[in-house]
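Please read them beside the coordinates.

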Amino acid sequence: MGIVRDVGSWGNSILDGAGFTSHLLLGTLRRVHHLPRRWRFFMDQAYTVGVRALPVTSVVALFAGMILALQTGIELQRLGQGSMIGTVTALSMCREMGPFMTALILAATVGSSMAAEIGTMKVSEEVTALDVMSVDTTSYLVVPRVVALTIMCPIMTVISNLIGIFGGSIVAANKLSVSTEYYWITVHEALSDADNFLPKDVYTGLAKAIVFGCMIAIVSCSTGLRASGGALGVGRAVQQAVKTSVLLIIVLGYVLTWFFYFLIQ
């Protein structure tokens with residue numbers, strides 16, 4: 001019976017958190033038109049997400065592109081197709097690796113910071129004080145953060161894609177005997193679409209980045225607002241926010257790939 005009780009408690013906790021997060025997301029969407037009132041706060045959040053997270057994101061993207069080019073290039077050379085390394089690197093970065101790595105970095109840096117900040121406000125009863133003063137906490141605390149991360153995540157993904165592809169060109173020229181000029185020609189051909197403004201691989205990656213950014217922000221804010229128990233509760237909230245965000249990035253990445261490449265032809 002103890003095992004049944006523990007499993008039931010765990011399931012109830014998950015459902016309670018999912019319900020609270022879904023309600024918070026709907027409330028945020030209904031209050032997006034409040035953003036002009038919070039413009040200064042929104043710009044501060046956009047700066048935090050974009051500028052402060054850019055150095056670590058750039059380093060990770062550079063080495064992700066280099067690793068991707070090196071590993072795939074070795075196998076392509078065995079098959080006599082080493083010249084395709086530019087195409088493979090560009091499509092892989094834009095479709096999957098770019099949004100995936102960017103979202104992981106933002107979840108670990110920005111998401112944890114949001115959860116810690118709001119969690120601290122919650123346990124110190126600052127959120128309760130806002131409620132007493134009839135301040136809409138969703139509009140004041142959540143909307144600027146969610147909108148900022150939703151907008152900045154695809155922008156950061158584009159930067160990560162470019163840096164990752166550039167890293168692939170370094171490996172291609174120095175380790176795979178593929179000239180830099182030919183590498184960038186194949187990249188251009190892979191990312192060009194005569195029928196559409198952007199090829200499917202690019203807009204699929206950007207759509208993933210938008211979903212990832214919104215999800216990370218709403219999960220982090222939700223976890224912070226449910227924090228309790230002082231400093232220990234804030235630490236648990238940060239841990240839960242990062243853990244949930246990473247798990248949802250993986251699951252949603254698969255779901256969105258299936259949606260764009262199997263459901264939408």
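1. Start with Ile 249. Beyond its neighbours within four places in sequence, Ile 249 is in contact (heavy atoms within 4.5 Å) with Phe 100, Ala 103, Leu 104, Ala 107, Phe 212, Met 215 and Ile 216.

2. On provenance: this is a predicted model, where local features need pLDDT of at least 70 and side-chain atom pairs pLDDT 80 or more, while totals for chains, interfaces and linings use all residues. Residues are numbered from 1 along each chain as its sequence is written, and side-chain values use heavy atoms, without hydrogens and water.

3. The largest nonpolar core has 36 residues. Such a core is a set of buried (under 20% relative accessible area, 1.4 Å probe, protein chains only) Ala, Val, Leu, Ile, Met, Phe, Trp, Tyr and Cys residues joined through side-chain atoms within 4.5 Å. Leu 106, Val 110, Val 142, Leu 149, Ile 216 and Ile 249 touch the most other members. A second, separate core of 15 residues includes Tyr 183 and Val 187.

4. How do H4 and H7 pack? H4 (residues 85–123) and H7 (residues 180–190), both DSSP runs of H or I with at least four residues, meet at about 50°, axes 7 Å apart. The axes are lines fitted to C-alpha atoms over the stretch in contact, with angles from 0 to 180 degrees between N-to-C directions.

5. Check two loop residues. Glu 125, between H4 and H5, has a positive phi of about 65°. Ser 177, between H6 and H7, has phi near 60°. Glu 125 counts as exposed (over 50%) at 55% relative accessibility; Ser 177 does so at 71%.
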